[in-house]
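Subject: Structure handover

Hello,

Here is the structure I promised to pass on. Please have it open while you read the notes below.

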Amino acid sequence: MKDPAYIPDDYFSRHSALEITGVDQPFEVDLGCGDGGFLLQMANHYPERRFLGIERLLGRVRGVCSKAKQEKLENVQVLRMESQYFLEWFVQPGSMSRLHYLCPDPWPKARHHKNRLVQDEFMPILHQALAENGEFLFKTDHEEYYEWVLDHVGRSGLFERLEWEDDQFYYPKTDFQLLWESMGKVMYRARFVKK
Ligand SMILES: C[S@@+](CC[C@H](N)C(=O)[O-])C[C@H]1O[C@@H](n2cnc3c(N)ncnc32)[C@H](O)[C@@H]1O
């Protein structure tokens, strides 16, 4: 079985979904995939789609890769890379059918808001990376970051918000979500489609 760790030959050129995955199938990215609970369940559930986890911590990348090997999942890969670099410079524009951005650090203090990935200048970067009708799915435990994302996406004018009912489609909970909900806390979510 091919190693799920994706190690590019060239970190400075843009990569199409086909170059990364080797097949012409819908390509979904899990930004900050952590321990990979969501990513691996998605890969199990949708064998006809390809999944790439982006994660900056090497230990987590290795952990997800070894679980993917144990489960003999051929449709999942993990790339050790910084999220914004991946979207802005690494992936070919128009490549991703869905981007999952689940339970990121909300950087709650006002002086740290500049560290949030979602900013006004991020919106066109996300837009260009998605394929036609590509979707952006976001979850957070932090109400103020949720409102922040709705504001930034809304004023960009580049996306339309879609319904996201419970059980509308298969969408497993992330490891972080399970932990959070076990403490009786709320998880916010939003789903957008590229205009
Ligand atoms: C709070 S955890 C959430 C993990 C997973 N999405 C979940 O919901 O269980 C955030 C993850 O994103 C990774 N991460 C944070 N900032 C990142 C960045 N700029 N680029 C890549 N990974 C990042 C962290 O290492 C961590 O594994």
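First, a definition: helices (H or I, at least four residues) and strands (E, at least two) are DSSP runs, numbered from the N terminus. This is a predicted model, in which local features need pLDDT of at least 70 and side-chain atom pairs count only at pLDDT 80 or more, while totals for chains, interfaces and linings use all residues. Residues are numbered from 1 along each chain as its sequence is written, and side-chain values use heavy atoms, with hydrogens and water left out.

The overall picture

The chain has seven helices and seven strands. Read from the N terminus, their order is α-β-α-β-α-β-α-β-α-β-α-β-α-β. The radius of gyration is 16 Å, close to the 16 Å that the globule rule gives for 195 residues, so the chain is as compact as a globular protein of that length. That radius is taken over C-alpha atoms, and the rule is 2.2 Å times the number of residues to the power 0.38. Along the principal axes, the C-alpha atoms fill a box of roughly 45 × 35 × 35 Å.

Burial comes next. Buried means under 20% relative accessible area, exposed means over 50%, and partly exposed lies in between (1.4 Å probe, protein chains only). Of the 195 residues, 50% count as buried. The chain exposes about 9,900 Å², by the Shrake-Rupley method with a 1.4 Å probe. Carbon and sulfur atoms supply 51% of that area.

Now contacts, meaning heavy atoms within 4.5 Å. Take those between residues at least 6 apart in sequence: 80% of them join residues at least 24 apart.

Charges: the chain has 25 positive and 31 negative ones, and their mean positions are 4 Å apart. Lys and Arg count as positive, Asp and Glu as negative; His and the chain ends are not counted. Each charge is placed at NZ of Lys, CZ of Arg, CG of Asp or CD of Glu.

Which residues of helix α4 (residues 83-90) are buried? They are S83, F86, L87 and F90. Seen down the axis of α4, these fall within an arc of 125°, so they line one face of the helix. The arc is that of the directions from the helix axis to the C-beta atoms. The buried residues of α4 pack against α1 (17-21), β1 (27-31), β2 (50-55), β3 (76-80), β4 (96-102) and α5 (122-129).

H142 sits in the loop between β5 (130-140) and α6 (143-156). H142 is buried, at 19% relative accessible area. Leaving out residues up to four places away in sequence, H142 touches P106, P108, R116 and Y188.

E135 belongs to strand β5. E135 is buried too, with 13% relative accessibility. Beyond residues up to four places away in sequence, its contacts are S97, R98, L99, L130, L162, R191, F192 and V193.

R189 is in strand β7 (residues 188-194). R189 is partly exposed, at 27%. With residues up to four places away in sequence not counted, R189 touches F138, K139, Y146, R161, W164, E165 and D166.

I7 comes in the segment before α1. Buried or exposed? I7 is exposed, with a relative accessible area of 64%. The C-alpha atoms of I7 and L57, 50 residues apart along the chain, are 14 Å apart.

Best wishes
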